[in-house]
Amino acid sequence: MFKINENYLKLQGSYLFSAIDKKVRNFIEENPHRKVIRLGIGDVTQPLAPTILKALRKAVDEMGEKETFHGYGPDLGYEFLRKAIVEKDYKKRGCDIEIDEIFVSDGAKCDAGNIQEIFSIENTIGVCDPVYPVYVDSNVMAGRTGTYDKDKETWSQVTYMPCTMENHFIPELPKKAPDMIYLCFPNNPTGTTLTKEQLQRWVDYGNKEGAILLFDAAYEAYISQEDVPHSIYECEGAKTCAIELKSFSKNAGFTGTRLGYTVVPKDLKCGEVSLNTLWARRHGTKYNGAPYIIQRAGEAVYSKEGQKELRVQIANYMKNAAYISKGLKEAGYEVFGGINAPYIWMKTPDKMTSWEFFDYLLKEAGVVGTPGAGFGPSGEGYFRLTAFGSYENTVEAMDRIRKL
Ligand code: MLT
C-alpha cells in the first residue's frame, strides 16, 4: 500500500487566502444584495501597462510564425530578460550581480516554496512573526518541523522572531542562530521595512553564524524613503550569505501573468559546494522556464516607457495606501506601514481578535481584510488592508469603516 507524505497532515486545513476566499464566498451567497469590497489578498487591480501589453502581443504574434516561433526556452531564462534584470535591478544600484546568478521563474511564491529543497531537512528555520505563510508551510510540507506547541501554535524547528508595535516591527537577531532565515522587506504583512544599516546587521549576522538569508524583495518597487535598500546585495558581504527572491507581480501587475526571478550568487557556498550549481540543477530538472511571451513582457518592464507607466501605477496604489492610513487614523485606529509598502497594518479595536474583527468588518461594512493571526501568533490583535484595490473602492471602503 502506498504511503502519503504525512507532513501535509501537519498543515492547517487550507492556505490562508483560500480560507478567506471561502468565507467571503459564503457571505456573498447569504447576502447577494451586498457589495463586498476586497482589500484582503494583495492582488493588483490595474491592467497591464500599454508598453508591456504591446510587447506581449508582439511576442504572441511571433509564436504564430514558423520563423519566430519559440519552443522550450533556456532553463534559467532568456538572456534578453536576465540581461535587463542585471543592468536595471543590480548594476544601476551598484550591486555586482552577474547574468549567471539570475534564475527566471514563474513567480516568487513558487521560488520561496521550492528553494528549501536544496537545503538539509535538519536545518532550523527563522521567520519573522507575523510572516508570509508560504515560508513556514513549505518547510512543514518538507518535514522541517520538530514538535508542535499547541498553545503557542509554533513548531520547535522554527524560530519565530516577533515583530510587533513594541519593537517597531523590527526582528531581533536570535541568540541561537537558525540555519535558514527568511526576511521579507518591505514587509508583508506589516508594511514596515528596514533601513540599510538594519539590514546590514542581518548580513553580518548571517556571515558570522553561517546562516543563509532568504531575502524576499517582492515589494521593493514601493520603497519611497532614501535609506531603505532595494536589494540585499546593497549590503556588504551579502553575496556570501543571501539569496534574493524577486517578483513581477506587484511592481508590474503580473499576478495573473506570472513572472519572477531568484538570485543565487556564485560566492554563496556550503563548504566547497556552490548553491548556484544546486539551484541550477534543480531548475533544469524540475522546470522548463517561464513562457517566452511572458519573458518578453518582463523585458518591457525595464524599458524607459514601461518604467514610466509603472511609476504611475505604483503611485496610484500608494495614493490608496495614504488614503487608508489617513482614514483609519482619523477613525481612531493605530496604523502602521503604507509608506514603503502597499500594506496597511492596524491594531484591532477593543481587544478584538483578528478573526473577530474580520467577521465584524465583513458583516457590518462589507469590507474584506486579512486577519493578522493568519500570518502567525504575533499577528494576533492586528489586521491587514491592501492598497491594491481601485481608488473608488478604497474610498468607499474607508467611508464604510469610518461610519462603523
Ligand atoms: C498577500 O496577499 O500576502 C500576497 O498577495 C500573497 C502572494 O503574493 O502570494
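The model on screen is predicted, so local features are given only at pLDDT of at least 70 and side-chain atom pairs only at pLDDT 80 or more, whereas totals for chains, interfaces and linings use all residues. Residues are numbered from 1 along each chain as its sequence is written, and side-chain values rest on heavy atoms, with hydrogens and water left out.

Now step back to helix α5 itself, residues 133–142; helices here are DSSP runs of H or I with at least four residues, strands are runs of E with at least two, and both are numbered from the N terminus. Of the 10 residues in α5, 7 are buried, where buried means under 20% relative accessible area, exposed means over 50%, and partly exposed lies in between, with a 1.4 Å probe and protein chains only. Colour P133, V134, Y135, V136, S138, N139 and V140 to see these buried positions.

Next, select the ligand together with F17, I41, G42, K109, Y132, N188, Y219, K250, Y343 and R384, which surround it (each has a heavy atom within 4 Å of it). By class, this shell holds 5 nonpolar, 2 polar and 3 charged residues, where Ala, Val, Leu, Ile, Met, Phe, Trp, Tyr, Cys and Pro count as nonpolar, Asp, Glu, Lys and Arg as charged, and the others, Gly among them, as polar. Taken alone, the ligand exposes 270 Å², of which the protein buries 86%; accessible areas come from the Shrake-Rupley method with a 1.4 Å probe, and for residues only the protein chains shown count as cover.

Move on to K246 in strand β9, residues 242–247. Is K246 buried or exposed? K246 counts as buried because its relative accessibility is 6%, and its side chain makes a polar contact with the side chain of E220 at 3.4 Å (a pair of N or O atoms within 3.5 Å; within protein, one must be able to donate a hydrogen and the other to accept it, and residues adjacent in sequence count only if both atoms are side-chain atoms).

Finish at K58, in helix α2, residues 50–63. K58 is exposed, because its relative accessible area is 55%.
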